[in-house]
Amino acid sequence: MFTSFFYLLRARGLKVSLNEWMSLMEALDKGLHQSSFTGFYYLCRAILVKSEADFDKFDGAFLEYFKDMERASDELPKELLDWLNKPREELDGSFSEEDLLRNMGLPEDVIQQMFLERLKEQQEQHNGGSKWIGTRGASPFGNNGQIDKGIRVGGESKKKSAFQVAGERKFRDFREDNVLDTRQFQMAFRRLRQFSARADEARTEFDIDGTIRETCDNAGSLKVVYDKPRRNTVKVLLLMDSGGSMDYYSRMCSALFQAVRNSNHFKDLQVFYFHNCIYSKIFKDPRMRPASAIPTEWILQNISSEYKVIIVGDAQMDPYELMEGSWYSYGARDKTPGIEWLRRFKEKYPHIVWLNPSERPYWGGWWAKTYDILAKEFDMYRLTLDDLNNALKKLMVSR
Amino acid sequence: MNLTFQGSKNYVASEELMRSVNIAIALQKPLLIKGEPGTGKTMLAEAISQALGKKLIIWNIKSTTKAQDGLYVYDVVQRLYDSQFGNEGVDDIAKYVKLGKLGEAFSSDEQVILLIDEIDKADLEFPNDLLWELDKMEFYIPETKETIKAKQRPIVIITSNAEKELPDAFLRRCIFHYIEFPDAEQMEEIIKVHFDHVEENVLKQVLATFYWIRGLYNIQKKPSTSEVIDWIRALELGGVPSYKIKETVPFAGVLLKKNEDIDTMRRYLK
């Protein structure tokens with residue numbers, strides 16, 4: 001039954017399994033869609049989609065697949081079900097765009113067209129990633145002038161048609177490839193754990209259940225059992241770019257910082273700051289007062305290589321800040337170029353990633369140059385949920 | 001479909017939510033509810049239980065909860081203790097096997113509602129350990145060589161605050177619903193369910209202030225439904241005139257639980 005929708009969903013990155021698909025078929029058999037298209041939409045969503053982060057993808061795919069249906073009334077007529085039974089390709093002949101357009105009144109036609117265009121445009125804008133600040137918007141159709149043209153999608157009546165609901169795409173903000181807030185950060189950092197039980201650790205924790213079991217088996221005479229403690233062994237070294245071009249991302253970086261700080265499941269967490277690039281001095285304080293400076297060398301010597309290192313920075317600076325020595329920055333003057341310091345970190349710490357709140361600057365020039373150099377040198381990830389998860393996964397595996 | 005859920009007297013359910021509930025009931029699959037804290041995830045199970053007139057069994061999940069706890073507990077210590085004093089019935093293992101919440105729901109003669117509350121609090125592996133039990137609605141107790149099989153498949157409601165990712169294998173078996181934060185209109189309805197009489201003026205002011213605060217850019221912990229209800233109660237008790245509510249936001253501590261947030265709000269207020 002309309003299996004191509006199944007493949008479309010999968011192609012759009014939704015992890016729909018055959019099990020769920022069969023459940024949907026069962027549900028349709030039982031008539032749970034209540035013979036309405038809207039019901040059908042909710043039924044599909046409830047069964048096939050398992051995270052609000054995927055609602056937007058689902059809405060998009062749903063619109064794409066069922067876009068010819070938008071004019072149909074909400075009642076699901078018999079032909080429609082037959083239509084659903086057939087794959088989409090066969091259908092295009094009989095249900096052509098032309099017919100559709102002819103069936104539509106002109107003004108509505110125009111509106112509908114605008115609606116679709118608008119959707120497309122938003123999608124592109126979103127994919128462009130653009131500004132993280134921009135994503136904190138309200139529902140897509142709520143906050144722009146389209147409404148008075150006649151498409152009120154901002155949910156007025158309680159009963160919305162499936163097309164409207166999907167068209168709202170109001171779960172856009174939940175998409176995992178969007179840029180993130182603290183809570184999402186925190187969730188992501190939970191991935192960063194490695195229980196000592198899996199590693200070879202001594203059995204030091206008194207195992208009550210085990211002792212009781214063994215003692216019972218031992219006819220009542222005491223037999224003590226110890227177990228491996230389950231503790232997170234991950235230690236984290238966080239190096240954050242502060243000030244300058246990073247001010248623009250300060251909100252996001254502070255969210256990231258708080259998330260790391262609040263993830264109290266790390267065995268140890270060390271945070272240091274630098275400006276633009278790491279030189280011979282590194283700072284304990286984000287304002288980088290000289291008093292808080294410590295030699296970078298000290299870190300390399302005293303913080304062991306089992307630490308997982310996360311560098312946060314936009315990787316955008318004047319090329320000579322990165323490539324040439326004797327750059328004077330916040331009281332740190334030395335002959336070693338920044339790139340050299342960064343390479344030392346890379347050499348010392350096998351688990352190191354670079355998180356970048358910014359996109360590669362498309363206007364090229366200097367900024368893109370240093371960005372490219374560093375992206376080549378480090379595993380660089382954007383600060384989106386998907387990418388952060390990838391970065392943390394990367395930190396957990398040895399290369 | 002012989003059972004349908006239409007919301008209840010004390011619970012305002014959106015249409016989508018009712019659909020999801022009914023889908024889950026008809027397909028006999030667990031319903032997984034996610035949503036911001038304070039959107040009434042736990043209340044839902046109570047409302048369903050009331051609306052359908054079925055008994056509600058709540059299994060509260062804590063960080064230390066193991067899947068086994070929900071099935072049954074074999075009280076070895078008690079047995080050991082009894083055996084030393086030669087108490088009667090020590091050789092009857094069944095006496096020491098106590099069913100957990102899941103076991104209780106399975107062995108009930110009538111269909112019950114089983115609420116597994118805040119499943120994400122438990123260990124990452126927890127949901128995986130329950131796959132078979134929730135699928136087949138049965139489990140085996142090796143100690144007594146007994147299989148507990150659901151007499152009536154319970155209606156299972158699972159809530160999650162999304163603190164942990166749930167495993168895919170688990171998700172595949174659930175019907176999923178995300179409760180959105182209610183808009184002003186729905187909120188009005190919810191408030192009216194909780195209060196017999198709220199002055200129209202007060203209500204308007206309260207909602208305006210509430211959504212204004214939620215909309216503030218850097219509020220860390222946004223107030224939710226339960227907080228607004230407490231707030232109205234506080235305002236009623238305090239007898240604050242309605243025109244002052246938006247202006248001064250009295251009892252802000254009821255709405256905002258962090259000092260920083262109260263400071264932020266006051267800053268914007270000026």
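Please keep in mind that the model is predicted. In chain B, 5 strands form an open sheet with parallel pairing. Where the two chains touch, 23 residues come from chain A and 21 residues from chain B.

**The sheet of chain B**
- Reading across the sheet of chain B, the strand order is β2-β5-β8-β1-β9.
- β2 (55-60) and β9 (175-179) of chain B are the edge strands, and each has a single partner, so one side of each has no neighbour in the sheet.
- From one strand to the next, the twist averages 20 degrees.
- Strand β5 (residues 112-117) and strand β8 (residues 155-160) of chain B run parallel and are joined by 4 bridges.
- Leu115(B) sits opposite Ile157(B), which belongs to β8(B).
- Helix α2 (residues 41-52) of chain B lies across β1 (31-35), β2, β5, β8 and β9 of chain B, and runs at about 165 degrees to β8(B).

**Where the chains meet**
- The contact takes 23 residues from chain A and 21 residues from chain B.
- On the side of chain A that touches chain B, the elements giving two or more residues are α2 (18-29), α3 (37-48) and α11 (208-217) of chain A.
- The residues on that side of chain A comprise 11 nonpolar, 4 polar and 8 charged.

**A loop residue in chain A**
- Thr233(A) is found in the loop between β2 (226-227) and β3 (235-241) of chain A.
- Thr233(A) counts as partly exposed because it has 16 C-beta neighbours inside 10 Å.
- Thr233(A) and Asp268(A) are 35 residues apart along the chain, and their C-alpha atoms are separated by 8.4 Å.

Methods
Residues numbered from 1 in each chain as written. Chains lettered and ligands numbered in written order. Predicted model: local features only at pLDDT ≥ 70, side-chain atom pairs only at ≥ 80, totals over all residues. Pairing = 2+ DSSP bridges. Axes fitted to C-alpha atoms, helices over the stretch in contact; angles between N-to-C directions. Contact = placed C-beta atoms within 7 Å. Nonpolar A, V, L, I, M, F, W, Y, C, P; charged D, E, K, R; others polar. Buried ≥ 20, exposed ≤ 12 C-beta atoms within 10 Å, placed from the backbone.
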